[in-house]
Amino acid sequence: MMKASLHRPSKAVIDLAAIAFNIRQLSAHLPQKTEKWAVVKANAYGHGAIEVSKHIDPLVDGFCVSNIDEALELRSAGIGKKILVLGVSDLAALPLARKGKVSLTVASLEWLDLALTAEEDLTGLNFHIKIDSGMGRIGFRDSQEAQEAIHRLQAAGAVAEGIFTHFATADEVDHYKFEAQLARFHQILSELDSVPPLVHASNSATSLWHSETVLNAVRLGDIIYGLNPSGTVLELPYEFKPALSLVSELVHVKEVEAGADVGYGATYTSKSQEWIGTIPLGYADGWTRDMQGFDVLIDGQRCPIVGRVSMDQITVRLPQAYPLGTPVVLIGNSGAETITVTDVAEKLGTINYEVVCLISDRVPRVYKD
Ligand SMILES: *Cc1c(COP(=O)(O)O)cnc(C)c1O
């Protein structure tokens, strides 16, 4: 893990009140008895799993993470609500899950056999059965195997607490594949002789744009951080507030003559006398080399990133001289200008999820609420 650089002005500012606001917005638009589970895997999409989970704990029914270590991190921080591990767990997770009261996912009979070899008695363990209704990643593809898994769990003293699936295309305009997956999930449920109590299928996109299919729990990730899971494809149906901004300061400002090269590879040459500012953040912070040519915001103005992005620094062209310590916004607002996480994703040809996950441990997270 990279050491957080505390004595450097580059910081991710996390607005916990915005995350709480976003969950309240969803709660107001989803059926009241639908359980709301917050997905806080990958350090809460880079926002800080412990701080985020503690803040929103009163507003949600449980938490989803991707592996046992993420679950235990929350338990150590005092989170007492239900936690579900969404991925396939290492067998070493079984005793840890029992001790930490963490629910695990069963996605195949082959895995369950290995688990039963490792721990004959699964008493005290809770499981959710994962159905692959068309995503093609993990899960049972037919009802007989899922039923068999439920029976084996019960025979070993475990509780089949839930059953769930995951949609591949809920964030798209075309509903055809979504409808096929939903139909397949309902068909599998109808073929089971006992359905576990918690049935869930909805991620953010499904909760937003297919809210008729929320069943009895939803798993809310991207949207609680104020990010649109479709990027720019679908409009959000109601208001959400972005929770993360990325800020820094100018640490060096210089005037260069026409024809001066800037950065590795001399990929930028000034056309006239120009002001060049340096910002202490680079690809080791998750601001990748592809960000060359994008903008940052200074004093309410867009300033282009000129020259290569280095490991620890970027250079920008300034409209005028600015003193050291002048605030720089890489993601967020400055005056009337805004750069969103999705804007950065568009520049990189990726999705907003990846942009926030890429912000490395070196960037301290600072919380406000
Ligand atoms: C990550 C994940 C989610 C959350 O997805 P969002 O699009 O961020 O809401 C829900 N369910 C599963 C199985 C996931 O892996």
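## Helices α1 and α3

Helix α1, spanning residues 16-29, packs against helix α3, spanning residues 49-56, with the two axes 10 Å apart and at an angle of about 50°. That angle makes α1 oblique to α3, and the crossing in which α1 passes α3 is right-handed. The model in which this packing is described is a predicted one.

On the α1 side, the residues that take part in the contact are L16, A17, I19, A20 and I23, and they meet E51, V52, H55 and I56 on the α3 side. Sorted by class, the contact of α1 with α3 comprises seven nonpolar residues, together with one polar and one charged residue.

## Helices α4 and α5

Helix α4, made up of residues 68-76, and helix α5, made up of residues 93-100, cross at roughly 25°, and their axes come within 11 Å. Because angles under 35 degrees count as roughly parallel, α4 and α5 are therefore described as roughly parallel to each other. The handedness of the crossing of α4 and α5 is left-handed.

From α4, the residues I68, L72 and R75 contribute to the contact, while α5 supplies A93, L96, A97 and G100. When the residues of the contact of α4 with α5 are divided by class, five are nonpolar, one is polar and one is charged.

## The two pairs side by side

Taken together, the predicted model shows α1 oblique to α3 with a right-handed crossing, whereas α4 and α5 are roughly parallel with a left-handed crossing.

Note on methods: Residues are numbered from 1 along each chain as its sequence is written. This is a predicted model: local features need pLDDT of at least 70, side-chain atom pairs count only at pLDDT 80 or more; totals for chains, interfaces and linings use all residues. Side-chain values use heavy atoms; hydrogens and water are left out. Axes are lines fitted to C-alpha atoms, for helices over the stretch in contact, and angles run from 0 to 180 degrees between N-to-C directions. Helices (H or I, at least four residues) and strands (E, at least two) are DSSP runs, numbered from the N terminus. Angles under 35 degrees count as roughly parallel, over 145 as roughly antiparallel, 65 to 115 as roughly perpendicular and the rest as oblique. A crossing is left-handed if the near helix is turned anticlockwise from the far one by less than a right angle, and right-handed if clockwise. Contact means heavy atoms within 4.5 Å. Ala, Val, Leu, Ile, Met, Phe, Trp, Tyr, Cys and Pro count as nonpolar, Asp, Glu, Lys and Arg as charged, and the others, Gly among them, as polar.
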